[in-house]
Amino acid sequence: MKAIKKSLTEEEYLYLDFSHQTEGCIFPLHTSVTLFLLSYCDCKIFKICLVVTKEVSRDSSLLRDDLIQDVEIQIISRQELPPIVQNCCLPAVVERSDNFCRAGLAVVLRHIIQKSYEADPLKKELLELLGFKKTCLKACAEVSQWTRLCELTIPLAIENFLRESSDQPPTIPVEILQLEKKLSEPVRVHNDDKLRRQKLKQQKADGVGPPLTKGKAKSKVHTQETSEGLDSSSKSLELKVAFSKLTVQEEPATTNREPSHIRKAKASDLPPLEHVFAEGLYFTLADIVLLPCIHHFLVIISRKFSEKLVEFPLLASWYQRIQEVPGVKTAASKCGIQFLHLPKLLTTSTEQHPNLCEVPGVEEQSDPLFIGGPRPTMAKLMEKGIEVMFSPHPCPTWTLDWNVLPAAVSPKEGKMSSDRALRKQQQLNNLVYVVTNQAKPGDRIVDFCSGGVTLIENKELSLIRAKKRSDELGLSNIWFIQANMEYFTGMFNIGVALHACGVATDMVIEHCIKTRASFVTCPCCYGFIQNTSKFNFPKSEQFKKTLSYKEHMILCRFADQTAVQLPPQRRLIGKQCMCLVDLDRARAAEECGYSVQVISMEPESCSPKNNMIVGVPI
């Protein structure tokens with residue numbers, strides 16, 4: 001009880017969009033999902049505010065029946081939002097100080113889970129929603145295709161589907177087909193080999209034929225067993241593992257050593273594990289996000305086009321199975337979700353949606369192997385007049401007077417060695433000089449991927465540390481926003497990013513270009529650069545005409561070879577590759593009306609990743 005009382009004294013405000021509701025479905029679906037999680041967690045530690053447009057009635061009695069029972073909800077207009085929230089997409093959570101905001105569905109949901117557990121540490125099952133190593137939906141949607149599907153594209157696709165549904169046969173959203181396809185793929189978990197050998201042993205004991213290989217799984221787990229209920233004596237290994245975790249039992253395991261033929265079986269001969277829930281064997285936050293969306297999709301399909309249900313046997317089985325998770329039915333009923341009773345689907349994969357085989361997969365694809373050095377690619381660029389070229393540093397000897405600044409400002413106050421703190425000071429000298437020469441009185445500066453003005457960062461711990469140091473300094477002109485960049489919608493004049501990893505640098509530059517803001521970025525982790533849903537490489541027209549994606553990736557891989565322990569000649573090639581990758585970024589920004597320079601920071605020893613890309617709108 002003490003933990004709960006402490007949490008209640010640290011009340012936070014949760015802001016949710018509200019446009020309209022139909023038959024218990026609250027729009028946008030992000031709001032339905034958030035309310036469902038609050039209900040599942042039995043979380044009452046947030047003050048909930050529905051943010052409505054001018055056209056929507058502010059009479060809260062109109063909403064009571066379809067929202068969470070016993071929870072007080074305040075109706076406000078967008079103009080009444082705290083200034084920091086007005087610069088972000090909803091949902092958003094704000095602390096009382098009004099200068100620390102968490103925005104975006106995945107960030108907000110993960111925060112709700114964490115706060116619910118802190119309020120009642122006995123609810124350990126809530127932390128299990130965050131998955132293995134607590135990484136469920138942690139990767140930002142700009143990079144992770146799975147996060148993007150759950151957080152953005154499925155909710156939006158279902159909203160459009162519900163809006164456009166008529167008596168004519170509907171066009172099934174491709175995102176639904178992607179989810180059905182994902183549920184048909186083999187599951188990969190950290191103890192994969194052990195579980196697959198247990199499954200092989202079970203199959204042998206049950207007299208099942210030779211195991212299927214190469215990911216073509218067709219067992220009864222998606223058809224008969226689930227619809228027969230959890231008490232079935234013939235539950236698959238996957239179901240036993242999944243629900244033993246939900247009921248706080250130990251996972252099924254054998255005390256004796258596996259028989260020789262099981263131990264010696266080749267990995268390629270082991271049966272694949274099949275999906276029980278969205279991410280694999282275990283119930284996670286991804287299932288929470290998907291349930292309200294898929295429920296409303298199935299409501300329309302079952303009412304008007306029930307013959308199409310046969311095209312989604314795995315989705316239907318998942319929908320039925322998730323209802324057996326303890327607490328789900330209770331939470332759903334509080335949110336106005338009345339579960340459907342779907343017919344038993346004994347369907348093979350050949351009867352699934354006819355276009356399923358053509359649907360792209362959800363999982364991030366591993367890059368092909370890049371064989372060979374960068375010299376042929378660099379020579380190809382030189383033939384087109386593209387050479388390694390840095391702009392001169394405007395003032396290589398300039399430095400902040402760190403001795404007169406408050407101690408909390410110095411990187412030495414961070415958790416790092418004195419050598420690293422010195423290099424970090426040198427890096428900041430470069431950025432501060434460029435920014436101060438660009439900034440004008442009244443300008444707003446945004447530090448993207450900050451670890452310290454507006455700080456945008458999706459790593460909570462980095463922002464908490466920065467806020468602590470800001471509080472020690474008594475600063476009042478800084479906002480802290482935990483969000484992916486897409487959720488920050490505020491206007492600003494200069495965007496800064498020190499060592500933004502991989503495509504995060506490209507995301508910062510793109511965000512600045514959209515706002516017509518100047519940018520000062522220091523890229524990092526070139527080896528993590530790859531095509532995403534937002535970017536294709538090379539980026540500039542000049543580089544596209546010369547290099548293929550594979551050739552560009554070769555430059556990126558070798559651009560990461562600049563560590564001080566490497567031979568000097570190898571580091572030099574790495575530095576040249578860094579420059580060429582950043583020149584492509586610079587040329588792309590120039591095509592958008594910017595004047596851009598690629599500058600090497602001084603001293604170069606301040607970091608192996610010592611490039612700066614400085615852009616100013618023309």
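Two strands count as paired if DSSP finds at least two bridges between them. In this predicted model, five bridges join β4 to strand β5 (residues 73-77), and the two strands run parallel.

**Strand β4 and its partners**

- Strand β4 (residues 46-52) is largely enclosed by the rest of the structure, because six of its seven residues are buried.
- Strand β1 (residues 12-18) pairs with β4 in the parallel sense, over seven bridges.
- Within that pairing, Y13 has K47 of β4 as its bridge partner.
- Towards β5, the bridge partner of C49 is Q74.

- Strand β12 (residues 518-524) is mostly covered, with seven of its seven residues buried.
- In a regular strand the side chains alternate between the two faces of the sheet.
- In β12, S518, V520, C522 and C524 point one way, F519, T521 and P523 point the other way, and all are buried.
- Strand β11 (residues 494-501) runs parallel to β12 and is joined to it by seven bridges.
- L498 stands opposite C522 of β12.
- Together with helix α18 (residues 504-515), strands β11 and β12 make a right-handed β-α-β unit.
- Strand β14 (residues 611-617) pairs with β12 in the antiparallel sense, over three bridges.
- In β14, I613 is the residue opposite T521.

**Aromatic pairs and a charge over a ring**

- A pair of aromatic rings is described by the distance of the centres and the angle of the planes.
- The structure holds 12 aromatic pairs.
- One of them is edge-to-face, because the rings of F297 and F312 have their planes at 85°, with centres 5.9 Å apart.
- This pair links distant parts of the chain: F297 belongs to helix α12 (residues 285-304), while F312 sits 15 residues away in the loop between α12 and α13 (313-322).
- Both partners are buried: F297 has a relative accessible area of 0%, and F312 has a relative accessibility of 1%.
- The rings of W398 and Y433 form a tilted pair, because their planes are at 55° and their centres are 5.4 Å apart.
- W398 lies in the loop between α15 (375-383) and α16 (418-438) and Y433 lies in helix α16, so this pair ties together parts that are 35 residues apart in sequence.
- W398 is partly exposed at 29% relative accessibility, whereas Y433 counts as buried at 17%.
- Y40, F277 and F283 are linked into a cluster by ring pairs.
- K182 lies over the face of W146, at 4.6 Å from the ring centre.

**Nonpolar cores**

- In soluble globular proteins, nonpolar side chains tend to be buried together.
- The largest nonpolar core has 92 residues, of which Y40, F297 and W318 touch the most other members.
- Helix α12 supplies the largest share of this core, 13 residues.
- Apart from this core lies another one, of 63 residues, among them A92, Y487, A500 and M507.
- Leaving aside neighbours within four places in sequence, W318 is in contact with L183, V276, F277, A278, D287, L290, L291 and I294.

**Backbone exceptions**

- Most residues other than glycine have a negative phi, and most peptide bonds are trans.
- The peptide bond from F27 to P28 is cis, with omega near -5°; P28 is placed in the loop between β3 (25-27) and α2 (29-41).
- The peptide bond from L90 to P91 is also cis, with omega near 5°; P91 is placed in the loop between α3 (83-86) and β6 (92-94).
- H499 is not a glycine, yet has a positive phi of about 55°, and this residue is found in strand β11.
- R516 has a positive phi near 60° and is a residue other than glycine.
- R516 is in the loop between α18 and β12, and is partly exposed, with a relative accessible area of 40%.

Definitions and conventions
Residues are numbered from 1 along each chain as its sequence is written. This is a predicted model: local features need pLDDT of at least 70, side-chain atom pairs count only at pLDDT 80 or more; totals for chains, interfaces and linings use all residues. Side-chain values use heavy atoms; hydrogens and water are left out. Buried means under 20% relative accessible area, exposed over 50%, partly exposed in between (1.4 Å probe, protein chains only). Helices (H or I, at least four residues) and strands (E, at least two) are DSSP runs, numbered from the N terminus. A crossover is right-handed if, with the strands pointing away from the viewer, the path from the first strand over the helix to the second runs clockwise. Rings of Phe, Tyr and Trp (its six-membered ring) pair if their centres lie within 6.5 Å; planes under 30 degrees apart count as stacked, over 60 as edge-to-face and the rest as tilted. A charge sits over a ring if NZ of Lys or CZ of Arg is within 6 Å of the ring centre and within 35 degrees of the ring normal. A nonpolar core is a set of buried Ala, Val, Leu, Ile, Met, Phe, Trp, Tyr and Cys residues joined through side-chain atoms within 4.5 Å. Contact means heavy atoms within 4.5 Å.
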